Amino acid sequence: MTDFKKLEDFDFNGKKVLVRVDLNVPVANGAVTDSTRIERLAPTMSYIVEQGGTPILLSHFGRPKGQVNKDMSLAVVVPAIQKAFGQPVEFVDTDWTDVSAATEHIAKGAAGTIFVMENTRFHAGEEANDLDLAKRMASLGDIYLNDAFSAAHRAHASTEALARELPSGAGRAMEAELSALQAGLGKPQTPVVAIVGGAKVSTKLDLLENLLTKVEGLVIGGGMANTFLHAEGIDVGKSLCEKDLADTARRIYDKSADENCAIILPVDGVVAWHFEANAPHRTYGLEAMDKEGMILDAGEKSIERIKGAIDEAKTVIWNGPLGAFELDPFGHATIEVARYVAERTKQGKLVSVAGGGDTVAALAKAGVVQDFTYVSTAGGAFLEWMEGKPLPGVEALKA
């Protein structure tokens, strides 16, 4: 966290503070259904207000494609923000072509008021990282904070260009995220074990290539594992498998040896003959897979093998489930391993960092989100960080 400023590095008294947040939260029937991302912003808002500043929130919402679309207005999130922050909240309508009316609205606000600006993506310049739009945004405030790690992988006007127009720093949520990521891969306690699951190797090639150089153990699960097993000559039947990537899988395996990284694959699998919840199933060893079935989860021997790797680790980073966790009972391996990581973490034996949409859902199903050292709600940004890619929204904050 030494490369950029934190809240304590600013004098907020009497200042208008533009805060890039992520209010792209799920909404149904005109109400927010999951306010987790909003609640994580409360420490930043409280600090700014307590120090005499005025928070002005910037966020995208949905994909309006540079056009005003009131079905994607951020007005819908105002009640959830009011509840989470316990401060007066006002919505500021604008299409971002002219912010003079917005400036007047904010100037009339009472002390302690939090302002929520309209969807930044209502203007095409947002996703184009347009400097003129960034300058209009900058005219609304004195200081810029980015508290939206989940949008940090996008070089947009409100995440990248704006950061260069005002004195800039990280909010509490961004600070916590970056500190956790530093503990996960930046300067971790070793040995490090990465758990990578999901459906396809093709979507995580960059991730696997980067992790091989950073970790001592790499657990591969889910449909991805089938591609590696196929590459080793194992018949995975009708399981999800990218057979055309067999050479790629073998290349990754060879590179792992050069990097002294142990790749840990399943040694047995839970096989079903229909992809549906509670489908009839049984466990097979790899040497005796039913060619008419599909592997939907890792078996008990595989689970024990993964636990053995975790026992040796000081740090675990996790992205992606180990099986079809959304279908009962094929989430067993994911849940069992998640609870094991959580228990080791609670015992002080492990630093555990996890992220990605499916991962968060799987950990929630296991009831262990609060027991990990850190669980990131960022999807694409977390994955790109694990891939070793620079994140524009973070780079722009660096002094």
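Mentor: Start with a definition: axes are lines fitted to C-alpha atoms, for helices over the stretch in contact. Keep in mind that this is a predicted model.

Trainee: At what angle do helix α12 and helix α13 pack?

Mentor: Helix α12 covers residues 332-346, and helix α13 covers residues 357-366. Their axes are 9 Å apart. The angle between them is about 75°.

Trainee: Are α12 and α13 roughly parallel or roughly perpendicular to each other?

Mentor: Angles of 65 to 115 degrees count as roughly perpendicular. The angle here is about 75°. α12 and α13 are therefore roughly perpendicular.

Trainee: How many nonpolar residues does the contact of α12 with α13 have?

Mentor: From α12 come Thr334, Ile335, Ala338 and Arg339. They meet Ala362, Leu363, Lys365 and Ala366 in α13. By class, the contact has 1 polar residue, 2 charged and 5 nonpolar.

Trainee: Is arginine 344 buried or exposed?

Mentor: Arginine 344 lies in helix α12. Its relative accessible area is 14%. The cut-off is under 20%, so arginine 344 is buried.

Trainee: Which residue has its backbone oxygen 3.2 Å from a polar side-chain atom of arginine 344?

Mentor: Leaving out residues up to four places away in sequence, arginine 344 touches Ile310, Asp311, Lys349 and Leu350. The backbone oxygen at 3.2 Å belongs to aspartate 311.

Trainee: How many disulfides does the structure hold?

Mentor: Cysteine 241 counts as buried at 18% relative accessibility. Cysteine 261 is buried too, at 4%. A disulfide needs a pair of cysteine sulfur atoms within 2.5 Å. The number of disulfides is 0.

Terms used:
Residues are numbered from 1 along each chain as its sequence is written. This is a predicted model: local features need pLDDT of at least 70, side-chain atom pairs count only at pLDDT 80 or more; totals for chains, interfaces and linings use all residues. Side-chain values use heavy atoms; hydrogens and water are left out. Axes are lines fitted to C-alpha atoms, for helices over the stretch in contact, and angles run from 0 to 180 degrees between N-to-C directions. Helices (H or I, at least four residues) and strands (E, at least two) are DSSP runs, numbered from the N terminus. Angles under 35 degrees count as roughly parallel, over 145 as roughly antiparallel, 65 to 115 as roughly perpendicular and the rest as oblique. Contact means heavy atoms within 4.5 Å. Ala, Val, Leu, Ile, Met, Phe, Trp, Tyr, Cys and Pro count as nonpolar, Asp, Glu, Lys and Arg as charged, and the others, Gly among them, as polar. Buried means under 20% relative accessible area, exposed over 50%, partly exposed in between (1.4 Å probe, protein chains only). A polar contact is a pair of N or O atoms within 3.5 Å; within protein, one must be able to donate a hydrogen and the other to accept it, and residues adjacent in sequence count only if both atoms are side-chain atoms.
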